[in-house]
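Hi,

Here is the model I said I'd pass on.

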Amino acid sequence: MSTQPRTAAPTMVNGFDPERMSDLSPHTRDAVERRNRVLGPVYRLFYHDPVEVVRGSGTYLYDAEGNEYLDAYNNVPCIGHSHPAVADAVTRQLHTVNTNTRYLQPSITEYAEDLLSTFPDALSNIVFTCSGSEANDLALRVAKYVTGRRGIIVTANAYHGVTETVAAISPSLGARSPLDIHVRTVDPFDHRTAIDDALGERLRTQIRSAVDDLERHGVGLAAFIADSIFSSDGVRSDPTGFLRPAIDEVHRAGGLYIADEVQPGFGRTGESWWGFQRHGIEPDIATIGKPMGNGMPIAAAVFRPDLLVEFGRNIRYFNTFGGNTVCVAAAQAVLDTIRAEGLIERAARVGANLKRAVQHATADVDMIGEVRGCGLFLGADVVDPVDGTPDAAGAAAVVNELRRRRVLISASGPAGNVLKVRPPLAFGEPDADRFLTEFAAALTSVAQR
Ligand SMILES: Cc1ncc(COP(=O)(O)O)c(C=O)c1O
């Protein structure tokens with residue numbers, strides 16, 4: 001369990017800074033000010049020079065002047081922006097009927113069967129929601145109901161969503177966003193290296209301490225929830241299997257393991273449909289979202305059926321738009337396209353080559369430390385060339401220089417210094433080549449400042 005005081009992590013590493021308003025073109029400044037007048041202060045735009053997007057196609061976005069941006073960041077349009085399979089499925093369904101899970105609709109049942117066939121046999125019930133946050137909210141609710149306990153363990157810079165309950169288990173929202181009193185954090189990562197054979201045992205030990213602490217406070221463990229690629233913790237994919245001892249410990253303590261698959265799910269890791277499968281473990285509950293509908297609002301929690309028996313008998317769940325016919329049509333088109341276009345194999349192939357090429361290109365670049373990740377999810381540490389400490393300002397400079405070159409990525413991690421490259425699964429070899437050219441140029445340009 002982390003004994004460090006929680007740092008005031010930046011609430012968004014790559015956010016537009018309103019202090020820079022005067023640097024913007026008159027058109028962009030106007031657009032930002034007009035937006036702020038009505039949307040208020042809670043939103044953040046990406047980049048020092050925000051991008052106005054008017055169109056998307058495949059792995060590209062376009063602005064009003066027709067400039068093309070290579071999208072190396074957005075995981076939601078996993079099969080590609082404006083993919084015709086989704087557009088057609090949604091249009092057809094909108095012209096037919098769009099209603100909810102209170103009616104018998106074969107397409108919902110068929111999609112559920114199809115999607116569940118990608119999960120381990122034990123996870124055989126699915127409940128639809130509109131967002132990953134709602135899916136996690138429901139997973140926590142069921143975990144607390146079934147176990148009769150309230151303690152939740154998360155990683156030190158986890159993000160699990162925006163409802164009050166899930167924001168309260170999301171330390172990455174920053175020190176001013178309150179955590180629930182029954183939350184404990186674990187921080188097993190050695191932020192200097194990923195080649196860390198002790199990671200699994202360290203995580204297990206920290207889980208044990210967190211469980212002891214919860215029990216000492218009369219709370220007890222309901223669940224450990226983790227994103228198995230640890231995206232907001234700085235992209236921690238390896239060594240595979242490091243989660244296994246921790247999950248054994250969670251189960252020994254009578255808690256449930258909730259796999260938050262919102263980031264690694266739907267084949268992003270290139271090794272399997274679901275991130276937990278890389279670690280050779282099975283969750284009690286998995287939550288999925290983002291890429292599920294290629295941008296249509298559909299998400300879900302997938303359960304071991306025994307967990308839902310009492311909850312289903314005593315409490316019902318109805319989410320008006322969760323699993324509506326149109327979003328299910330989009331989700332079915334996504335599933336079909338991932339299979340038909342071999343996107344998981346592509347994520348493995350393109351991702352492995354990209355990681356190797358980025359490692360090679362940065363081997364002698366002092367400001368880049370470790371490059372890690374799997375499939376189409378890479379993280380690269382930006383560090384101080386002299387002492388190797390995390391350099392969030394350097395990461396922001398690289399991200400903004402790439403944006404200037406019309407390549408979109410972002411940064412994350414507890415210190416905000418991890419470049420996050422996480423393109424649509426449709427990202428191909430030519431895209432990777434273009435990325436590498438611009439990335440090398442951006443590093444040179446930033447190093448010369
Ligand atoms: C790991 C993880 N879980 C949950 C969520 C919340 O999903 P949503 O934004 O669909 O509510 C996110 C969103 O970024 C996420 O990254």
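Let's start with H1: its 14 residues reach 20 Å from first C-alpha to last, close to the 20 Å expected at 1.5 Å a residue (the expected span is 1.5 Å times one less than the number of residues; helices are DSSP runs of H or I, at least four residues, and strands are runs of E, at least two, both numbered from the N terminus).

Housekeeping: this is a predicted model, where local features need pLDDT of at least 70, side-chain atom pairs count only at pLDDT 80 or more, and totals for chains, interfaces and linings use all residues. Residues are numbered from 1 along each chain as its sequence is written, and side-chain values use heavy atoms, with hydrogens and water left out.

On confidence, pLDDT (the predictor's confidence in each residue, from 0 to 100) averages 95 over the protein chain, and 97% of the residues score at least 70. Residues 1-10 stay under 50, with 23 contacts beyond four places in sequence (contact means heavy atoms within 4.5 Å). Where pLDDT is low, the predicted coordinates should not be read in detail.

Back to H1, which covers residues 26-39 and includes valine 38. Valine 38 counts as exposed because its relative accessibility is 68% (exposed is over 50%, buried under 20%, partly exposed in between, with a 1.4 Å probe and protein chains only). Just after H1, glycine 40 has a positive phi of about 75°.

Further along, proline 390 sits in the loop between strand S12 (377-382) and helix H12 (392-404). Leaving out residues up to four places away in sequence, proline 390 touches Val382, Ala415 and Asn417.

Cheers
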